[in-house]
Amino acid sequence: MSDATEANGTAGEAEVAEPGRDTAKTTEGTESAVGRHVRVVLVDDHRMFRTGVQAEIGQTARTGVEVVGEAPDVDQAVAVIARTRPEVVLLDVHLPGGGGVEVLRRSAALMADPEQPVRFLALSVSDAAEDVIGVIRGGARGYVTKTITGSDLIDSIFRVQEGDAVFSPRLAGFVLDAFASTDAPPVDEDLDRLTQREREVLRLIARGYAYKEIGKQLFISVKTVESHVSAVLRKLQLSNRHELTRWATARRLV
């Protein structure tokens, strides 16, 4: 990626942008040619997606968005965020190492910093209520899906920078419903046994997707999909995908 070099001492794909390359001035108090500026970190486990987002929003002179780092998993995300102290983090919900909620938990002190708060905007393929509510309870300022346009994403980033809460239209209802009652939502012990990735595969299976389609959507192999399905069936003590679909439908996960 032209604007980034691999972070020293960090394994894997975590990257920190090299200052001054293909961007407007980034010293404190300066703005881009568009009259506003925000420093952003991208956290997503798919390199191709990060590359696409970088190409769409990262031309700082045009958009005002400076991508200062990126990471593919929880540990590297926490390290890059702490090192670069961005104003906004674009955070995927499902990540190796514990998911977006774990990144939020480990970044709580940075979010609470009164001088230079780091704010989080979830950007995910998932539109499931439990994913939306989970990251909002964790401290994210908003949640948008990956169907969002580039211009709308840029606008959402700046709104979060300013302290607004931002949601894709249909997702806002989930948050309103969740916080309308002071009662805590019931704990589903069966669902809690599943990892974030297993929940994602579960939802797609319940929606009728074939293994090959799931693999293509999640950027994983058919063999990996089969492994996740086997793990879900074992943990939930179900026999086949038809029982799994009924189980997911009964819990309104589809």
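Where is F219 placed? I found F219 in the loop between α11 (211–218) and α12 (222–236).

**Ground rules.** I am working on a predicted model, where local features need pLDDT of at least 70, side-chain atom pairs count only at pLDDT 80 or more, and totals for chains, interfaces and linings use all residues. I number residues from 1 along each chain as its sequence is written, and side-chain values use heavy atoms, with hydrogens and water left out. Helices (H or I, at least four residues) and strands (E, at least two) are DSSP runs, numbered from the N terminus.

**Entry: positive phi.** I looked up the phi of F219, and the value is near 60 degrees, positive in a residue other than glycine. Most residues other than glycine have a negative phi. I then checked exposure. Buried means under 20% relative accessible area, exposed over 50%, and partly exposed in between (1.4 Å probe, protein chains only). The areas come from the Shrake-Rupley method. F219 is exposed, with a relative accessible area of 54%.

Q237 sits in the loop between α12 and α13 (241–250). Its relative accessibility is 72%, so Q237 counts as exposed.

**Entry: strand β3.** Is strand β3 enclosed or open? I found 5 of the 6 residues of β3 (residues 38–43) buried, so the strand is largely enclosed by the rest of the structure.

Next I looked up its partners. Two strands pair if DSSP finds at least two bridges between them. β3 pairs with strand β4 (residues 65–71) in the parallel sense, over 6 bridges. In that pairing, V38 stands opposite V65 in β4. β3 also runs parallel to strand β5 (residues 88–91), joined by 4 bridges. There, V41 stands opposite V89 in β5.

**Entry: salt bridges.** How many salt bridges are there? I count a side-chain nitrogen of Lys or Arg within 4 Å of a carboxyl oxygen of Asp or Glu. By this rule the count comes to 12.

I opened D44 and K146 among them; their side chains meet at 2.8 Å, N to O. D44 lies in the loop between β3 and α1 (47–57), and K146 in the loop between β7 (142–145) and α7, so the pair ties together parts 102 residues apart in sequence. D44 is buried at 3% relative accessible area. K146 is partly exposed at 24%. I also noted a network of salt bridges linking D44, D92 and K146.

R85 and D113 form another salt bridge, at 2.7 Å, N to O. R85 is in the loop between α3 (74–84) and β5, D113 in the loop between α5 (108–111) and β6 (119–124), and they are 28 residues apart.

I looked up R203 and D131 too; their closest N and O atoms are 2.9 Å apart. This pair links helix α10 (residues 196–206), which holds R203, to helix α6 (residues 129–138), which holds D131, across 72 residues. R203 counts as buried at 4% relative accessibility. D131 is buried at 3%.

**Entry: a charged patch.** Which residues form the negative surface patch? I list D152, D155, E162 and D164. Patch residues have over 30% relative accessible area and no salt bridge, with like charges joined within 9 Å. Asp and Glu count as negative, and each charge is placed at CG of Asp or CD of Glu. E162 lies in the loop between α7 (150–161) and β8 (166–167). E162 is exposed, with a relative accessible area of 58%.

Note on methods:
Patch = residues over 30% accessible without salt bridge, like charges linked within 9 Å, V, L, I, M, F, W, Y side chains within 5 Å. Areas by Shrake-Rupley, 256 points an atom, 1.4 Å probe, with all protein chains shown as cover.
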